[in-house]
Amino acid sequence: MLRYRPAALVCLAVSAGIAVGLYFDFWVPIVLMSLAWSLTMLIRPARRFRIILITATFFFGAASLYGTVYQNFLVSSGIDTEKVYFFTGVITEARATENGNRATVDILESEDGLDGKTLYIYTNELPEAGDGVYVEATLKEASLSSKGNGVDYNAFGSICKSDKIQIKGFKYELLAMRKHISDAIYNNFGEESAGFYNAIITGDRSGIDDNLNGSFSRSGLSHILAISGQHFSILVYSIYSILMLTVQRKKLSSGICIVLAVFYTLLVGATPPILRACIMCCAVFAANIAGIYFDSISVLCAALAGILLFSPYAAASVGLQLSFLATLGILTLSEITRRRRRGFLRSKLFTLIVTPTLITFAANLFCLPVLLCSFDYVSIIAPLSNLAVNILIGPSLAVSVLSLPIFAFYPNLSELVTVNDFIFKAIKSISDFAASLSFATFSASLPYIKLIIVPAAAAIVCALSLKRKYILKAASLCLLVIFLIVGSCVLGYNNALKANSFIYVNDSGDSSFVFYNNGSYTVLVDGHGTEKCSGVILDRCVTHLDAYIMTDCTRSAEERFYQTNCYISVDAVYIPKRYAGGSFETRIAKTGCDVLYYDKSLSEFGLVLKESNGHYSLRVVNNDISLCLLGGNKTGFSTPCNGLIVTKKCIERELAKPLVPTNYDSLYIHKTEDTYFTETLKKKADTVTEYKNSIELRFGKDGLWEVKG
């Protein structure tokens, strides 16, 4: 198909050139352009197609040079990390992140040459979007990130001091209007649904709690919480339909929609995905006014190239990448089905049921390479959950937007509140059900899973470049390969559940946890710390926990649980009995997990956990093999065991000798410079293995053995 779209090919060459120029040294674009130029000379296509390829190669080289110059210019005009900057600006977005409360500030006035720049700043208290601020802050350079953190943001900052000030101007008025809309939503919508509707209408996700965010992440519905092309299209084309029914003038209705599309883009923040949707919507209506042919794929590629020319760092935006690929998948499959005019493809059943299903799968398929490279996990249930929720997105947007002017005259109208809450609960129920499935996600970090990228990329190339009569066959073949690989992933997941593994992690950040899987139960015992623990588990294809056992209930422990629950479904949470009936229990219960208690010891799932004066030790019995983990002072088991893990904390506290088991075969001991205590323990073991940060053991028929690497 690209061979019939020279404009699309040239625009893609520009986009690829800018990305290559940003991420690589100058010689890489030169080599790539030389290879492409040689290729155009070697092949023997039609003369017209060769001219197109040569033109695309030229634009690729020019765009690479542009990206390189842009990157070098920013580096040369860098930020002084030791200097305190003073500036006034307006907060365009504020949200809580893993690193703290983050605000996005557009700088209006600065004596240090920062005028017009945008940056992230981290604050102790979460500000509100639309606030004018006078800031004293230390800054550091933004770094390119494959996950899109700091997309086209020139610096990151830590606030020394900030004061609210009054700012006037068009941008401030837009943000103030968005703030008024948010206030109207929170004042009139249901308490639980207000954050959801505020996110899909204004783009402000600060009201989304961890539970809802985790559920939507596991079910593959996170894009619903952010304003995307889907939301944009529903709103704009709904207005266009209303205008055509009332005004009944095509050109006038199209012109009004162009103005409204641009205004809505500025209102919610012109992020790269929204800009992409705005450009395509405006192109459609402009084509209506001019009465000319509209080629969706060419305009999509032109929109991507235009955004990157204006803001090259947007190439790192995962949101833009997913938006572009999802739209490309939808347009490609829509064109394929539209050109098939025989057989069942002409039936109404195909139009109403099969086509939306195929389009949903196409959007997820085209996004698969980016998801695998950018996230720790992939939602395998996403196509089905999206298909179930898509029929509710239109009504949810329509009802919520129409509710705003009605609430202005009839505040808290109970009938409208009930309708809004019902639609939200229906969407949330679908998300919760999909997220609760044990196979909802699988790890994206396993090497063989990334092989999905190859057939997915092949499907994209085939859909864009092959002749029309071969497209459906090639796409079917690629889909078959992908389903076979996904099937092997699910099989690997089932095998991982039977691995009989025991993983202990205690990293340099003093974060520790134990993961135990005996083939029947999967259990996580969370020790302490602030680092993530889901990555290690996802690497083993485990996406479901029968129990999550907490040894303390601090704020950091709660955040670790929420982060884990985003990717991994949890049946039950065990907390110390002293926290029963408190706010901590209430917050955990809101996630939908059963909350259970234990006092000084816990004996479940083939393990025994003991606590004494805030220190814990763990004993596991599996396949007639007994394994002990000594975690602190004055805790332990006096009976013999086959293996003993001695932690760093245990060594530092010099565990009392009477508490050390007197008979064991294997000793796994943390590397330490304190040799007095370690040498004493080594004398009692047949085999000694030293570990640094973590250790993984397997309970096999031949005994207890360590997993290397």
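1. Handedness of the helix pair. In this predicted model, helices H7 and H13 cross in a right-handed manner. H7 covers residues 229-246 and H13 covers residues 382-409; their axes come within 10 Å, with a crossing angle of roughly 55°. H7 is therefore oblique to H13.

2. Residues at the helix contact. On the H7 side, the contact involves Gln-230, His-231, Ile-234 and Leu-235. These meet Asn-390, Ile-393, Gly-394, Leu-397 and Val-401 of H13.

3. Eight strands make up an open sheet of mixed pairing, arranged in the order E13-E12-E11-E10-E9-E8-E21-E22. Its edges are strand E13 (594-598) and strand E22 (703-706), each of which pairs on one side only. From one strand to the next, the twist averages 20°.

4. A parallel pair within the sheet. Strand E10 (residues 522-528) and strand E11 (residues 544-550) run parallel and are joined by four bridges. In one of these strands, E11, Met-550 is the bridge partner of Asp-526.

5. A helix on the sheet. Helix H18 (residues 555-567) packs on the sheet, where it touches strand E9 (512-517), E10, E11 and strand E12 (569-576). The direction of H18 makes about 180° with that of E11.

Conventions
Residues are numbered from 1 along each chain as its sequence is written. This is a predicted model: local features need pLDDT of at least 70, side-chain atom pairs count only at pLDDT 80 or more; totals for chains, interfaces and linings use all residues. Side-chain values use heavy atoms; hydrogens and water are left out. Axes are lines fitted to C-alpha atoms, for helices over the stretch in contact, and angles run from 0 to 180 degrees between N-to-C directions. Helices (H or I, at least four residues) and strands (E, at least two) are DSSP runs, numbered from the N terminus. Angles under 35 degrees count as roughly parallel, over 145 as roughly antiparallel, 65 to 115 as roughly perpendicular and the rest as oblique. A crossing is left-handed if the near helix is turned anticlockwise from the far one by less than a right angle, and right-handed if clockwise. Contact means heavy atoms within 4.5 Å. Two strands pair if DSSP finds at least two bridges between them.
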